[in-house]
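The following note is intended for a first reading of the model. Please keep the structure in view while working through the numbered points.

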Amino acid sequence: MDLGNLTRVSEFHLLGLAEDPELQPVLFGLFLSMYLITVLGNLLIILAVSSDAHLHTPMYFFLSNLSLADICITSTTIPKMLLNIQTQNKAITYAGCITQMYFLILFAVLDDFLLTVMAYDRFVAICHPLNYMIIMKPQLCGLLVLVSFIMGALDSLLQCLMVLRLSFCTDLEIPHFFCELNQMTQLACSDNFLNNIVIYFVTVLLGGGPLAGILYSYSKIVSSIRAIPSAQGKYKAFSTCASHLSVVCLFYGTILGVYLSSAGTHSSQSSATASVMYTVVTPMLNPFIYSLKNKDIKRTLKRFFGRQVNKG
């Protein structure tokens with residue numbers, strides 16, 4: 001290809017989930033509803049944890065950070081999508097696209113590492129209950145969240161720098177509702193071999209590593225629960241992990257579904273539809289999972305709203 005035809009474009013066009021004009025109002029209403037539910041649900045989790053001294057424990061500290069990360073993930077993509085539908089303008093600037101991609105990767109990796117940290121927290125609580133408060137000190141909890149954030153920031157910085165080195169043709173259309181890393185890489189006119197190598201390597205490292213940590217933690221948890229003599233004791237121990245285990249299955253299940261869907265159909269549109277699961281649906285469902293399966297959260301929320309009703 002003639003290098004003279006390569007340029008750094010000023011904007012991209014996000015094609016979204018559907019181009020049919022009649023579907024746009026439906027998509028706008030659907031995604032606005034899901035976004036509001038996601039933000040409200042996760043804010044309630046944060047409010048419950050911060051307002052109840054009984055929930056000032058490592059597990060709920062990590063949960064509140066997970067809720068904050070979920071709000072940030074959806075806020076990175078959905079408002080721009082809603083704006084594009086409302087204004088009927090699919091354009092996003094080059095700088096805006098890179099910025100969106102940076103924060104999406106940052107908070108997705110943060111989500112991944114927080115789930116791993118929460119698995120470690122459950123491992124210590126069940127396998128080493130007598131030393132739990134000694135091991136899970138506030139300083140360690142803060143450090144684990146900070147390291148998770150730094151890992152996300154470094155990964156997003158690396159991926160964005162790799163994209164910045166690419167050259168693009170003009171009139172670029174991204175068959176997605178946000179600036180997705182793989183789509184951006186595939187649209188480049190310049191050689192993207194190194195980018196693909198980095199993407200696959202980092203995905204295996206930052207995806208497989210935390211997953212291996214979660215599986216190891218739960219293998220030890222299962223062994224400890226099996227050693228508990230009473231059925232009631234086993235149920236009580238497992239119930240403390242049920243919410244987290246459900247969220248882990250949902251998180252990794254949806255991501256696996258996205259990759260299997262895109263690999264099986266080779267369709268960018270089906271990949272965009274599948275991406276809705278981990279960028280929108282999973283963050284929306286997390287508060288419901290923790291609220292329905294966690295008695296402490298339910299009790300705190302009932303007490304809080306009961307207090308507000310009495311004041312009114």
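1. Ala, Val, Leu, Ile, Met, Phe, Trp, Tyr, Cys and Pro are counted as nonpolar, Asp, Glu, Lys and Arg as charged, and the others, including Gly, as polar. On that basis, the lining of the second largest pocket comprises 11 nonpolar, 5 polar and 7 charged residues. The model examined here is a predicted one.

2. The second largest pocket holds about 730 Å³ of space. It is lined by 23 residues, and those closest to its centre are Arg122, Lys236, Ser239, Thr240 and Asp296.

3. Which helices each supply at least two residues of this lining? They are H2 (58-87), H3 (94-127), H8 (231-265), H9 (268-293) and H10 (295-311). The most is given by H8, which contributes 8 residues.

4. Read from the N terminus, the order of elements is β-α-α-β-α-α-α-β-α-α-α-α-α. The C-alpha trace spans about 70 × 50 × 35 Å along its principal axes.

5. Of the 312 residues, 47% are buried. Among contacts between residues at least 6 apart in sequence, 78% join residues at least 24 apart.

6. The accessible surface of the protein amounts to about 15,800 Å². Carbon and sulfur atoms account for 68% of this surface.

Note on methods
Residues are numbered from 1 along each chain as its sequence is written. This is a predicted model: local features need pLDDT of at least 70, side-chain atom pairs count only at pLDDT 80 or more; totals for chains, interfaces and linings use all residues. Side-chain values use heavy atoms; hydrogens and water are left out. On a 1 Å grid over the protein atoms alone, a cavity is a set of points where a 1.4 Å probe fits but cannot get out, and a pocket is an open set with protein on both sides within 12 Å along at least five of seven lines; lining residues have an atom within 4 Å of a point. Grid points are joined across faces, edges and corners, and a volume is the space filled by probe spheres set on the points. Helices (H or I, at least four residues) and strands (E, at least two) are DSSP runs, numbered from the N terminus. Buried means under 20% relative accessible area, exposed over 50%, partly exposed in between (1.4 Å probe, protein chains only). Contact means heavy atoms within 4.5 Å. Accessible areas come from the Shrake-Rupley method with a 1.4 Å probe; for residues, only the protein chains shown count as cover.
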